[in-house]
Amino acid sequence: MTILAAENLTVRRGGRAILDGVSARFEGGGLVAVIGANGAGKSTLLAVLAGLLKPDDGVVSLDGEPLARIEGRALARRRGFLPQSPRAEWPISVERLVMLGLTPSLPAFGDLPAELKPSLDRAIADCDLEAHRDQPVTTLSGGELARAMLARALVGEPEILIADEPMAGLDPRHALDSMTRLRGLALAGRMVIASVHDLTLAARFAGRIIALHQGRVVADGAVRETLTPDLLRLIFAVEAQVRGEGQGAYVDFAAPA
Amino acid sequence: MRAAITLISAAALAVAVVLSILVGSVWMSPRDILHGLTTPGPDLASLIVLDLRAPRTLLGLLVGATLGLSGAVLQGLLRNPLADPGLLGVSSGAAFGAVAAIYYGLASHFFFAAPLLGMVGALAAAGLTYAFGRGGTLSMILAGAAVSGLGGAGVSLALNFAPINAAYEIMTWLQGSITDKTWDHVKLALPLIPLGWTALGFTGRGLDALALGEVQAASLGVSLNRLRLVALIGVALSVGAATAAAGAIGFVGLVAPHLVRPFVGHQPRRTLLPSALFGAALVLLADVASRLLRYNGEEIKLGVLTSLVGTPFFFWLVLRLRRTAP
(Lines give C-alpha, C1' and ligand atoms only; values in the text may rest on other atoms or scores of the structure.)
Protein backbone atom coordinates (compact mmCIF):
# COMPACT_ATOMS: atom_id res chain seq x y z
CA MET A 1 0.00 0.00 0.00
CA THR A 2 1.21 3.46 -0.88
CA ILE A 3 1.98 5.73 2.07
CA LEU A 4 2.73 9.43 1.53
CA ALA A 5 3.71 11.12 4.78
CA ALA A 6 4.39 14.81 5.37
CA GLU A 7 6.08 15.77 8.60
CA ASN A 8 6.29 19.25 9.98
CA LEU A 9 6.47 21.01 6.59
CA THR A 10 7.50 24.63 6.72
CA VAL A 11 7.98 26.93 3.71
CA ARG A 12 8.97 30.57 4.21
CA ARG A 13 8.88 33.29 1.60
CA GLY A 14 9.95 36.83 2.34
CA GLY A 15 9.98 36.31 6.10
CA ARG A 16 6.44 34.90 6.11
CA ALA A 17 5.61 31.25 6.71
CA ILE A 18 3.44 30.04 3.82
CA LEU A 19 3.34 26.59 5.38
CA ASP A 20 3.87 26.38 9.11
CA GLY A 21 4.51 22.94 10.54
CA VAL A 22 2.08 20.97 8.36
CA SER A 23 1.90 17.23 8.96
CA ALA A 24 -0.41 14.80 7.19
CA ARG A 25 -0.43 11.15 6.30
CA PHE A 26 -2.03 9.63 3.23
CA GLU A 27 -2.54 5.89 2.88
CA GLY A 28 -3.81 3.87 -0.06
CA GLY A 29 -6.75 5.02 -2.14
CA GLY A 30 -9.21 7.79 -1.55
CA LEU A 31 -9.98 11.35 -2.55
CA VAL A 32 -8.62 13.99 -0.21
CA ALA A 33 -9.77 17.59 -0.71
CA VAL A 34 -7.54 20.38 0.54
CA ILE A 35 -9.60 23.49 1.29
CA GLY A 36 -8.71 26.95 2.47
CA ALA A 37 -8.95 30.61 1.59
CA ASN A 38 -6.79 32.23 -1.09
CA GLY A 39 -3.24 32.40 0.22
CA ALA A 40 -3.82 29.72 2.86
CA GLY A 41 -1.00 27.62 1.40
CA LYS A 42 -2.93 25.01 -0.62
CA SER A 43 -0.86 25.24 -3.80
CA THR A 44 2.39 25.33 -1.83
CA LEU A 45 1.38 22.25 0.16
CA LEU A 46 0.50 20.34 -3.02
CA ALA A 47 3.78 21.34 -4.70
CA VAL A 48 5.75 20.14 -1.67
CA LEU A 49 3.76 16.89 -1.48
CA ALA A 50 4.50 16.34 -5.18
CA GLY A 51 8.21 16.83 -4.58
CA LEU A 52 8.35 19.91 -6.83
CA LEU A 53 9.19 22.36 -4.08
CA LYS A 54 11.73 21.72 -1.33
CA PRO A 55 10.40 22.73 2.07
CA ASP A 56 12.61 24.90 4.26
CA ASP A 57 11.90 22.48 7.05
CA GLY A 58 10.28 19.08 7.36
CA VAL A 59 10.19 16.13 5.01
CA VAL A 60 7.79 14.30 2.70
CA SER A 61 8.37 10.58 2.34
CA LEU A 62 6.89 8.03 -0.01
CA ASP A 63 6.77 4.56 1.53
CA GLY A 64 9.35 5.70 4.08
CA GLU A 65 11.79 7.19 1.58
CA PRO A 66 12.24 10.99 1.52
CA LEU A 67 11.12 12.42 -1.85
CA ALA A 68 14.41 14.29 -2.22
CA ARG A 69 16.19 10.95 -2.38
CA ILE A 70 13.95 9.46 -5.08
CA GLU A 71 15.23 9.98 -8.62
CA GLY A 72 13.06 12.41 -10.62
CA ARG A 73 11.87 9.96 -13.27
CA ALA A 74 11.19 7.21 -10.73
CA LEU A 75 9.07 9.63 -8.71
CA ALA A 76 7.33 10.85 -11.86
CA ARG A 77 6.25 7.29 -12.70
CA ARG A 78 4.56 6.92 -9.29
CA ARG A 79 3.08 10.40 -8.88
CA GLY A 80 1.12 12.46 -11.38
CA PHE A 81 0.77 16.20 -10.93
CA LEU A 82 -1.65 18.70 -12.43
CA PRO A 83 -0.95 22.38 -11.78
CA GLN A 84 -3.70 24.98 -11.69
CA SER A 85 -5.13 25.79 -15.17
CA PRO A 86 -2.48 23.87 -17.14
CA ARG A 87 -1.81 25.18 -20.64
CA ALA A 88 -0.06 23.85 -23.70
CA GLU A 89 2.67 26.04 -25.15
CA TRP A 90 2.57 24.66 -28.70
CA PRO A 91 -0.41 23.59 -30.83
CA ILE A 92 0.50 19.90 -30.59
CA SER A 93 -2.21 17.26 -31.09
CA VAL A 94 -4.22 15.84 -28.19
CA GLU A 95 -2.59 12.45 -28.72
CA ARG A 96 0.88 14.02 -28.47
CA LEU A 97 -0.09 15.92 -25.36
CA VAL A 98 -1.37 12.81 -23.62
CA MET A 99 1.73 10.91 -24.70
CA LEU A 100 3.90 13.44 -22.88
CA GLY A 101 2.59 11.92 -19.66
CA LEU A 102 4.71 8.88 -20.51
CA THR A 103 7.90 10.97 -20.59
CA PRO A 104 9.41 9.33 -17.48
CA SER A 105 9.09 5.90 -19.13
CA LEU A 106 10.40 6.88 -22.57
CA PRO A 107 13.93 6.19 -23.83
CA ALA A 108 16.11 9.25 -24.62
CA PHE A 109 15.54 8.87 -28.35
CA GLY A 110 12.96 7.41 -30.71
CA ASP A 111 9.21 6.98 -30.86
CA LEU A 112 6.71 5.64 -28.37
CA PRO A 113 7.62 2.00 -27.60
CA ALA A 114 4.89 -0.39 -28.78
CA GLU A 115 4.25 -1.71 -25.26
CA LEU A 116 3.14 1.75 -24.11
CA LYS A 117 0.64 2.23 -26.94
CA PRO A 118 -2.23 0.48 -25.06
CA SER A 119 -1.81 2.84 -22.07
CA LEU A 120 -2.08 5.81 -24.42
CA ASP A 121 -5.21 4.44 -26.10
CA ARG A 122 -6.79 3.65 -22.74
CA ALA A 123 -6.14 7.13 -21.29
CA ILE A 124 -7.59 8.78 -24.40
CA ALA A 125 -10.67 6.53 -24.28
CA ASP A 126 -11.16 6.91 -20.50
CA CYS A 127 -11.22 10.69 -20.77
CA ASP A 128 -13.57 10.68 -23.79
CA LEU A 129 -11.03 12.24 -26.11
CA GLU A 130 -11.33 9.82 -29.06
CA ALA A 131 -13.03 12.44 -31.22
CA HIS A 132 -10.31 15.00 -30.50
CA ARG A 133 -7.30 12.73 -30.90
CA ASP A 134 -5.69 14.63 -33.78
CA GLN A 135 -6.99 18.08 -32.89
CA PRO A 136 -4.44 20.76 -31.88
CA VAL A 137 -4.79 21.27 -28.13
CA THR A 138 -4.87 25.04 -28.53
CA THR A 139 -8.27 24.73 -30.26
CA LEU A 140 -9.90 22.71 -27.44
CA SER A 141 -12.52 24.23 -25.17
CA GLY A 142 -11.70 24.66 -21.47
CA GLY A 143 -13.49 21.46 -20.51
CA GLU A 144 -11.84 19.44 -23.27
CA LEU A 145 -8.42 20.80 -22.36
CA ALA A 146 -9.00 19.86 -18.72
CA ARG A 147 -9.86 16.30 -19.81
CA ALA A 148 -6.79 16.16 -22.05
CA MET A 149 -4.56 17.31 -19.19
CA LEU A 150 -6.16 14.75 -16.86
CA ALA A 151 -5.50 12.05 -19.45
CA ARG A 152 -1.90 13.30 -19.63
CA ALA A 153 -1.58 12.94 -15.86
CA LEU A 154 -3.16 9.48 -15.81
CA VAL A 155 -1.59 7.85 -18.85
CA GLY A 156 1.39 6.61 -16.85
CA GLU A 157 -0.99 5.08 -14.28
CA PRO A 158 0.61 6.71 -11.24
CA GLU A 159 -0.35 5.48 -7.76
CA ILE A 160 -0.72 9.07 -6.59
CA LEU A 161 -2.40 11.97 -8.36
CA ILE A 162 -1.96 15.47 -6.98
CA ALA A 163 -4.13 18.12 -8.63
CA ASP A 164 -4.18 21.84 -7.88
CA GLU A 165 -7.67 23.25 -8.41
CA PRO A 166 -8.69 20.77 -11.12
CA MET A 167 -12.06 22.51 -11.42
CA ALA A 168 -10.77 26.05 -11.78
CA GLY A 169 -12.38 27.77 -14.75
CA LEU A 170 -14.76 24.90 -15.52
CA ASP A 171 -18.50 25.31 -15.86
CA PRO A 172 -20.72 23.27 -13.47
CA ARG A 173 -21.12 20.32 -15.81
CA HIS A 174 -17.42 20.00 -16.50
CA ALA A 175 -16.53 20.59 -12.85
CA LEU A 176 -18.87 17.75 -11.87
CA ASP A 177 -17.44 15.59 -14.62
CA SER A 178 -13.92 16.29 -13.43
CA MET A 179 -14.78 15.53 -9.80
CA THR A 180 -16.56 12.32 -10.80
CA ARG A 181 -13.45 11.20 -12.67
CA LEU A 182 -11.20 11.95 -9.71
CA ARG A 183 -13.49 10.04 -7.37
CA GLY A 184 -13.60 7.15 -9.81
CA LEU A 185 -9.81 6.99 -9.65
CA ALA A 186 -9.92 7.07 -5.85
CA LEU A 187 -12.47 4.25 -5.81
CA ALA A 188 -10.20 2.27 -8.09
CA GLY A 189 -7.50 2.45 -5.42
CA ARG A 190 -5.47 5.54 -6.37
CA MET A 191 -4.48 8.19 -3.89
CA VAL A 192 -5.94 11.48 -5.15
CA ILE A 193 -5.11 14.74 -3.39
CA ALA A 194 -6.76 17.84 -4.84
CA SER A 195 -7.23 21.39 -3.70
CA VAL A 196 -10.86 22.34 -4.14
CA HIS A 197 -12.43 25.77 -3.96
CA ASP A 198 -16.03 24.66 -4.43
CA LEU A 199 -17.03 23.45 -0.96
CA THR A 200 -20.19 21.73 -2.19
CA LEU A 201 -18.16 19.61 -4.58
CA ALA A 202 -15.69 18.87 -1.80
CA ALA A 203 -18.51 17.85 0.56
CA ARG A 204 -20.06 15.57 -2.05
CA PHE A 205 -17.06 13.86 -3.47
CA ALA A 206 -14.17 13.85 -0.99
CA GLY A 207 -13.69 11.10 1.56
CA ARG A 208 -11.49 13.32 3.66
CA ILE A 209 -10.96 17.05 4.00
CA ILE A 210 -7.84 18.89 5.07
CA ALA A 211 -8.46 22.53 5.93
CA LEU A 212 -5.59 25.01 5.82
CA HIS A 213 -5.62 28.37 7.51
CA GLN A 214 -2.61 30.70 7.38
CA GLY A 215 -0.29 27.83 6.56
CA ARG A 216 -1.50 25.48 9.29
CA VAL A 217 -3.80 22.47 9.28
CA VAL A 218 -6.87 23.45 11.26
CA ALA A 219 -8.98 20.41 10.47
CA ASP A 220 -8.30 16.98 8.99
CA GLY A 221 -10.91 14.27 8.78
CA ALA A 222 -14.21 13.09 7.32
CA VAL A 223 -16.55 15.66 5.77
CA ARG A 224 -19.05 15.41 8.62
CA GLU A 225 -16.39 16.19 11.25
CA THR A 226 -14.54 18.92 9.39
CA LEU A 227 -17.06 21.00 7.42
CA THR A 228 -18.67 22.71 10.40
CA PRO A 229 -19.95 26.29 10.64
CA ASP A 230 -17.16 27.06 13.13
CA LEU A 231 -14.44 25.90 10.76
CA LEU A 232 -15.89 27.74 7.78
CA ARG A 233 -16.16 30.90 9.85
CA LEU A 234 -12.53 30.51 10.90
CA ILE A 235 -11.00 29.91 7.49
CA PHE A 236 -13.29 31.87 5.15
CA ALA A 237 -14.69 34.47 7.58
CA VAL A 238 -18.23 33.77 6.39
CA GLU A 239 -21.33 32.30 7.98
CA ALA A 240 -22.11 28.96 6.35
CA GLN A 241 -24.09 25.79 6.94
CA VAL A 242 -23.48 22.34 5.55
CA ARG A 243 -26.78 20.70 4.71
CA GLY A 244 -27.65 17.24 3.49
CA GLU A 245 -25.29 14.32 3.20
CA GLY A 246 -23.32 12.38 0.60
CA GLN A 247 -24.37 13.25 -2.95
CA GLY A 248 -27.08 15.55 -1.59
CA ALA A 249 -24.72 17.64 0.50
CA TYR A 250 -24.36 21.32 -0.18
CA VAL A 251 -22.75 24.29 1.52
CA ASP A 252 -25.07 27.20 2.10
CA PHE A 253 -23.54 30.63 2.62
CA ALA A 254 -25.37 33.34 4.50
CA ALA A 255 -25.16 36.82 3.05
CA PRO A 256 -22.79 38.95 5.11
CA ALA A 257 -24.69 40.96 7.68
CA MET B 1 4.14 14.32 -42.99
CA ARG B 2 7.08 14.56 -40.64
CA ALA B 3 9.16 12.08 -42.61
CA ALA B 4 8.23 14.13 -45.67
CA ILE B 5 9.60 17.38 -44.26
CA THR B 6 12.88 15.67 -43.34
CA LEU B 7 13.13 14.35 -46.89
CA ILE B 8 12.23 17.73 -48.38
CA SER B 9 14.77 19.57 -46.27
CA ALA B 10 17.41 16.94 -47.03
CA ALA B 11 16.65 17.33 -50.74
CA ALA B 12 16.86 21.12 -50.48
CA LEU B 13 20.21 20.74 -48.77
CA ALA B 14 21.46 18.38 -51.46
CA VAL B 15 20.47 20.87 -54.17
CA ALA B 16 22.15 23.68 -52.23
CA VAL B 17 25.37 21.65 -51.88
CA VAL B 18 25.47 20.91 -55.60
CA LEU B 19 24.83 24.56 -56.51
CA SER B 20 27.47 25.68 -54.03
CA ILE B 21 30.02 23.47 -55.78
CA LEU B 22 29.01 24.46 -59.32
CA VAL B 23 28.14 28.16 -59.13
CA GLY B 24 30.58 31.02 -58.79
CA SER B 25 32.64 33.51 -60.72
CA VAL B 26 33.79 30.48 -62.68
CA TRP B 27 30.85 28.26 -63.61
CA MET B 28 31.63 24.62 -63.57
CA SER B 29 29.75 21.79 -65.20
CA PRO B 30 29.58 18.44 -63.45
CA ARG B 31 31.57 17.03 -66.38
CA ASP B 32 34.43 19.53 -65.84
CA ILE B 33 34.56 18.59 -62.19
CA LEU B 34 34.42 14.86 -62.83
CA HIS B 35 37.15 15.21 -65.40
CA GLY B 36 39.28 17.38 -63.11
CA LEU B 37 38.97 15.01 -60.18
CA THR B 38 39.60 11.82 -62.12
CA THR B 39 42.66 12.97 -64.04
CA PRO B 40 45.84 12.92 -61.98
CA GLY B 41 47.72 16.14 -61.40
CA PRO B 42 46.35 19.58 -60.53
CA ASP B 43 44.18 21.41 -63.00
CA LEU B 44 41.93 24.46 -62.67
CA ALA B 45 38.70 22.53 -62.05
CA SER B 46 40.05 20.37 -59.25
CA LEU B 47 41.84 23.36 -57.68
CA ILE B 48 38.66 25.44 -57.61
CA VAL B 49 36.53 22.61 -56.31
CA LEU B 50 38.91 21.12 -53.75
CA ASP B 51 40.59 24.24 -52.42
CA LEU B 52 37.88 26.89 -52.72
CA ARG B 53 34.37 25.58 -53.07
CA ALA B 54 34.54 22.37 -51.01
CA PRO B 55 35.74 24.01 -47.78
CA ARG B 56 33.38 26.93 -48.32
CA THR B 57 30.48 24.55 -48.84
CA LEU B 58 31.35 22.37 -45.88
CA LEU B 59 31.74 25.39 -43.62
CA GLY B 60 28.43 26.82 -44.83
CA LEU B 61 26.80 23.49 -44.11
CA LEU B 62 28.25 23.32 -40.60
CA VAL B 63 27.33 26.92 -39.82
CA GLY B 64 23.81 26.73 -41.27
CA ALA B 65 22.96 23.44 -39.57
CA THR B 66 24.27 24.87 -36.30
CA LEU B 67 22.10 27.96 -36.60
CA GLY B 68 18.99 25.96 -37.54
CA LEU B 69 19.49 23.40 -34.79
CA SER B 70 20.33 25.83 -32.00
CA GLY B 71 17.46 28.13 -33.02
CA ALA B 72 15.04 25.20 -32.78
CA VAL B 73 16.44 24.16 -29.39
CA LEU B 74 16.26 27.68 -27.94
CA GLN B 75 12.75 28.33 -29.27
CA GLY B 76 11.68 25.05 -27.66
CA LEU B 77 13.49 25.77 -24.41
CA LEU B 78 12.04 29.26 -24.06
CA ARG B 79 8.72 28.43 -25.80
CA ASN B 80 9.19 31.68 -27.60
CA PRO B 81 9.06 31.92 -31.40
CA LEU B 82 11.43 34.90 -31.39
CA ALA B 83 14.35 33.14 -29.69
CA ASP B 84 17.45 32.91 -31.85
CA PRO B 85 20.96 31.50 -31.39
CA GLY B 86 22.35 34.86 -30.32
CA LEU B 87 20.08 35.01 -27.30
CA LEU B 88 22.48 33.59 -24.75
CA GLY B 89 25.26 36.04 -25.53
CA VAL B 90 27.41 33.41 -27.23
CA SER B 91 27.50 35.02 -30.70
CA SER B 92 28.28 38.42 -29.31
CA GLY B 93 31.06 36.94 -27.15
CA ALA B 94 32.50 35.27 -30.25
CA ALA B 95 32.28 38.53 -32.18
CA PHE B 96 34.03 40.42 -29.41
CA GLY B 97 36.85 37.84 -29.24
CA ALA B 98 37.40 37.96 -33.00
CA VAL B 99 37.21 41.76 -33.09
CA ALA B 100 39.75 42.00 -30.25
CA ALA B 101 42.10 39.80 -32.28
CA ILE B 102 41.74 42.14 -35.27
CA TYR B 103 42.00 45.28 -33.14
CA TYR B 104 45.25 44.27 -31.48
CA GLY B 105 46.70 43.27 -34.82
CA LEU B 106 47.00 39.63 -33.80
CA ALA B 107 44.98 38.62 -36.82
CA SER B 108 47.54 40.08 -39.24
CA HIS B 109 50.43 38.21 -37.58
CA PHE B 110 48.65 34.94 -37.07
CA PHE B 111 45.89 34.09 -39.52
CA PHE B 112 43.75 32.12 -37.08
CA ALA B 113 43.87 34.59 -34.23
CA ALA B 114 40.36 35.87 -35.04
CA PRO B 115 38.53 32.52 -35.05
CA LEU B 116 40.57 31.22 -32.10
CA LEU B 117 39.91 34.25 -29.92
CA GLY B 118 36.32 34.16 -31.20
CA MET B 119 35.88 30.69 -29.70
CA VAL B 120 37.49 31.83 -26.47
CA GLY B 121 35.07 34.76 -26.41
CA ALA B 122 32.08 32.48 -27.08
CA LEU B 123 33.00 30.09 -24.26
CA ALA B 124 33.70 32.95 -21.86
CA ALA B 125 30.34 34.52 -22.73
CA ALA B 126 28.55 31.20 -22.14
CA GLY B 127 30.34 30.85 -18.79
CA LEU B 128 29.26 34.33 -17.79
CA THR B 129 25.66 33.69 -18.86
CA TYR B 130 25.63 30.49 -16.83
CA ALA B 131 27.24 32.06 -13.77
CA PHE B 132 24.62 34.81 -13.62
CA GLY B 133 21.62 33.11 -15.18
CA ARG B 134 21.49 29.58 -13.79
CA GLY B 135 18.45 28.52 -11.83
CA GLY B 136 15.73 29.92 -14.05
CA THR B 137 14.77 30.40 -17.68
CA LEU B 138 14.02 34.09 -17.30
CA SER B 139 17.25 34.74 -15.42
CA MET B 140 19.13 32.93 -18.18
CA ILE B 141 17.56 35.12 -20.89
CA LEU B 142 18.32 38.26 -18.89
CA ALA B 143 21.90 37.16 -18.25
CA GLY B 144 22.23 36.36 -21.97
CA ALA B 145 20.95 39.83 -22.83
CA ALA B 146 23.43 41.38 -20.42
CA VAL B 147 26.32 39.37 -21.87
CA SER B 148 25.19 40.28 -25.42
CA GLY B 149 25.20 43.92 -24.40
CA LEU B 150 28.67 43.58 -22.95
CA GLY B 151 30.02 41.94 -26.11
CA GLY B 152 28.31 44.57 -28.26
CA ALA B 153 29.79 47.35 -26.14
CA GLY B 154 33.25 45.79 -26.49
CA VAL B 155 32.87 45.66 -30.27
CA SER B 156 31.74 49.30 -30.37
CA LEU B 157 34.67 50.27 -28.17
CA ALA B 158 37.10 48.56 -30.52
CA LEU B 159 35.48 50.31 -33.51
CA ASN B 160 35.67 53.61 -31.63
CA PHE B 161 39.43 53.48 -31.24
CA ALA B 162 40.44 51.34 -34.20
CA PRO B 163 42.50 52.92 -36.96
CA ILE B 164 40.60 53.12 -40.23
CA ASN B 165 42.14 49.96 -41.72
CA ALA B 166 41.40 47.84 -38.67
CA ALA B 167 37.90 49.35 -38.44
CA TYR B 168 37.23 48.33 -42.03
CA GLU B 169 38.49 44.83 -41.30
CA ILE B 170 36.31 44.60 -38.21
CA MET B 171 33.23 45.75 -40.13
CA THR B 172 33.92 43.19 -42.83
CA TRP B 173 34.29 40.43 -40.28
CA LEU B 174 31.12 41.41 -38.44
CA GLN B 175 29.07 41.17 -41.64
CA GLY B 176 29.54 37.43 -41.69
CA SER B 177 30.80 35.47 -44.66
CA ILE B 178 32.10 32.10 -45.72
CA THR B 179 33.97 33.53 -48.71
CA ASP B 180 37.67 32.60 -48.93
CA LYS B 181 37.41 30.15 -46.07
CA THR B 182 39.97 27.37 -46.23
CA TRP B 183 40.23 23.82 -45.01
CA ASP B 184 42.01 25.23 -41.97
CA HIS B 185 38.86 27.13 -40.99
CA VAL B 186 36.89 23.91 -41.36
CA LYS B 187 39.44 22.01 -39.26
CA LEU B 188 39.19 24.66 -36.59
CA ALA B 189 35.40 24.51 -36.40
CA LEU B 190 34.99 20.81 -36.99
CA PRO B 191 35.89 19.38 -33.57
CA LEU B 192 33.63 21.71 -31.61
CA ILE B 193 30.54 21.91 -33.81
CA PRO B 194 29.56 18.20 -33.77
CA LEU B 195 30.20 18.13 -30.02
CA GLY B 196 27.72 21.00 -29.65
CA TRP B 197 25.23 19.21 -31.94
CA THR B 198 25.45 16.12 -29.76
CA ALA B 199 24.63 18.11 -26.63
CA LEU B 200 21.73 19.84 -28.42
CA GLY B 201 20.45 16.48 -29.69
CA PHE B 202 20.01 15.28 -26.12
CA THR B 203 17.56 18.09 -25.30
CA GLY B 204 14.71 16.67 -27.44
CA ARG B 205 12.75 14.77 -24.80
CA GLY B 206 12.96 17.66 -22.34
CA LEU B 207 11.87 20.18 -24.99
CA ASP B 208 8.83 18.03 -25.78
CA ALA B 209 7.84 17.94 -22.10
CA LEU B 210 8.27 21.72 -21.90
CA ALA B 211 5.28 22.00 -24.25
CA LEU B 212 3.33 21.52 -21.00
CA GLY B 213 5.12 24.38 -19.25
CA GLU B 214 7.92 24.24 -16.72
CA VAL B 215 5.90 22.95 -13.75
CA GLN B 216 4.45 19.96 -15.57
CA ALA B 217 7.77 19.21 -17.25
CA ALA B 218 9.45 19.16 -13.83
CA SER B 219 6.65 16.94 -12.49
CA LEU B 220 7.43 14.49 -15.29
CA GLY B 221 10.99 14.09 -14.02
CA VAL B 222 12.66 16.53 -16.44
CA SER B 223 15.50 18.33 -14.69
CA LEU B 224 15.13 21.90 -15.95
CA ASN B 225 18.52 22.93 -14.59
CA ARG B 226 20.23 20.13 -16.46
CA LEU B 227 18.24 20.83 -19.63
CA ARG B 228 19.21 24.52 -19.59
CA LEU B 229 22.85 23.65 -18.94
CA VAL B 230 23.01 21.09 -21.76
CA ALA B 231 21.38 23.57 -24.16
CA LEU B 232 23.83 26.29 -23.15
CA ILE B 233 26.83 23.99 -23.59
CA GLY B 234 25.56 22.88 -26.99
CA VAL B 235 24.97 26.46 -28.14
CA ALA B 236 28.32 27.65 -26.74
CA LEU B 237 30.27 24.96 -28.61
CA SER B 238 28.41 24.95 -31.92
CA VAL B 239 27.28 28.56 -32.31
CA GLY B 240 30.54 29.78 -30.76
CA ALA B 241 32.63 27.85 -33.27
CA ALA B 242 30.32 28.76 -36.16
CA THR B 243 30.37 32.48 -35.36
CA ALA B 244 34.11 32.42 -34.76
CA ALA B 245 34.67 30.84 -38.18
CA ALA B 246 32.11 32.72 -40.27
CA GLY B 247 31.06 35.84 -38.36
CA ALA B 248 27.54 36.77 -37.43
CA ILE B 249 24.92 35.36 -39.79
CA GLY B 250 21.51 36.54 -38.72
CA PHE B 251 17.94 35.27 -39.12
CA VAL B 252 18.74 31.71 -40.24
CA GLY B 253 18.39 30.38 -36.70
CA LEU B 254 15.17 32.32 -36.27
CA VAL B 255 13.56 31.37 -39.57
CA ALA B 256 14.49 27.71 -40.06
CA PRO B 257 12.48 26.32 -37.10
CA HIS B 258 9.40 28.28 -38.21
CA LEU B 259 9.58 26.86 -41.72
CA VAL B 260 9.48 23.26 -40.53
CA ARG B 261 7.39 23.45 -37.35
CA PRO B 262 3.91 23.18 -38.94
CA PHE B 263 5.02 20.04 -40.80
CA VAL B 264 6.01 18.16 -37.64
CA GLY B 265 2.84 18.94 -35.68
CA HIS B 266 4.70 21.61 -33.71
CA GLN B 267 6.46 18.95 -31.69
CA PRO B 268 9.71 20.54 -30.48
CA ARG B 269 11.86 17.39 -30.68
CA ARG B 270 10.82 16.66 -34.25
CA THR B 271 11.67 20.21 -35.27
CA LEU B 272 15.38 19.75 -34.56
CA LEU B 273 16.62 17.63 -37.48
CA PRO B 274 14.63 19.28 -40.32
CA SER B 275 15.44 22.70 -38.89
CA ALA B 276 19.16 21.88 -38.97
CA LEU B 277 18.89 20.62 -42.56
CA PHE B 278 16.90 23.68 -43.63
CA GLY B 279 19.31 26.00 -41.86
CA ALA B 280 22.20 24.48 -43.79
CA ALA B 281 20.30 24.74 -47.07
CA LEU B 282 19.38 28.38 -46.38
CA VAL B 283 22.98 29.40 -45.64
CA LEU B 284 24.31 27.62 -48.71
CA LEU B 285 21.63 29.05 -51.01
CA ALA B 286 22.19 32.53 -49.60
CA ASP B 287 25.92 32.06 -50.13
CA VAL B 288 25.36 30.99 -53.75
CA ALA B 289 23.15 34.03 -54.25
CA SER B 290 25.81 36.25 -52.67
CA ARG B 291 28.31 35.07 -55.30
CA LEU B 292 25.96 36.11 -58.10
CA LEU B 293 24.72 39.39 -56.67
CA ARG B 294 27.59 41.76 -57.28
CA TYR B 295 27.63 45.49 -57.02
CA ASN B 296 30.65 47.30 -58.51
CA GLY B 297 32.40 43.96 -58.57
CA GLU B 298 31.96 43.51 -54.83
CA GLU B 299 30.21 40.40 -53.48
CA ILE B 300 27.33 41.06 -51.14
CA LYS B 301 28.23 39.59 -47.74
CA LEU B 302 26.36 36.49 -46.63
CA GLY B 303 25.31 37.96 -43.28
CA VAL B 304 23.96 41.05 -45.01
CA LEU B 305 21.97 38.97 -47.46
CA THR B 306 20.42 36.69 -44.81
CA SER B 307 19.38 39.77 -42.83
CA LEU B 308 17.90 41.42 -45.95
CA VAL B 309 15.93 38.30 -46.83
CA GLY B 310 15.14 37.43 -43.21
CA THR B 311 13.67 40.74 -42.17
CA PRO B 312 10.52 40.52 -44.36
CA PHE B 313 9.96 37.09 -42.85
CA PHE B 314 10.10 38.69 -39.43
CA PHE B 315 7.40 41.17 -40.47
CA TRP B 316 5.28 38.30 -41.72
CA LEU B 317 5.73 36.56 -38.37
CA VAL B 318 4.57 39.66 -36.52
CA LEU B 319 1.49 39.94 -38.72
CA ARG B 320 0.67 36.27 -38.25
CA LEU B 321 1.09 36.51 -34.48
CA ARG B 322 -1.22 39.51 -34.48
CA ARG B 323 -3.82 37.52 -36.39
CA THR B 324 -3.63 34.36 -34.28
CA ALA B 325 -2.93 35.82 -30.85
CA PRO B 326 -5.98 36.14 -28.65
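Conventions. I am working with a predicted model, in which local features need pLDDT of at least 70 and side-chain atom pairs count only at pLDDT 80 or more, while totals for chains, interfaces and linings use all residues. Residues are numbered from 1 along each chain as its sequence is written, chains are lettered from A and ligands numbered from 1 in the order in which they are written, and side-chain values use heavy atoms, with hydrogens and water left out.

Entry on salt bridges. I took a salt bridge to be a side-chain nitrogen of Lys or Arg within 4 Å of a carboxyl oxygen of Asp or Glu, and by this rule I noted 27 salt bridges over all chains.

In chain B, the side chains of B:Arg269 and B:Asp208 meet in such a bridge, at 3.0 Å from N to O. The pair links distant parts of the chain, with B:Arg269 in helix α15 (residues 268–292) and B:Asp208 in helix α11 (residues 204–209), 61 residues apart; helices (H or I, at least four residues) are DSSP runs, as are strands (E, at least two), and they are numbered from the N terminus.

I also noted that salt bridges with shared partners join A:Arg87, A:Glu89, B:Arg79, B:Glu214 and B:Arg228 into one network.

A:Asp128 lies in the loop between α4 (117–126) and α5 (142–154) and A:Arg181 in helix α6 (residues 172–187), so the pair ties together parts that are 53 residues apart in sequence. A:Asp128 is partly exposed at 48% relative accessibility, whereas A:Arg181 is buried at 17%.

Entry on aromatic pairs. Rings of Phe, Tyr and Trp (its six-membered ring) pair if their centres lie within 6.5 Å, and planes under 30 degrees apart count as stacked, over 60 as edge-to-face and the rest as tilted; I noted four such pairs over all chains.

One of them joins B:Tyr103 and B:Tyr104 edge-to-face, 5.0 Å centre to centre with 85° between the planes. B:Tyr103 is partly exposed at 28%, and B:Tyr104 is exposed at 61%.

For B:Phe110 and B:Phe112, the ring centres are 6.4 Å apart and the planes stand at 75°, so this pair is edge-to-face.

Notes
Buried means under 20% relative accessible area, exposed over 50%, partly exposed in between (1.4 Å probe, protein chains only).
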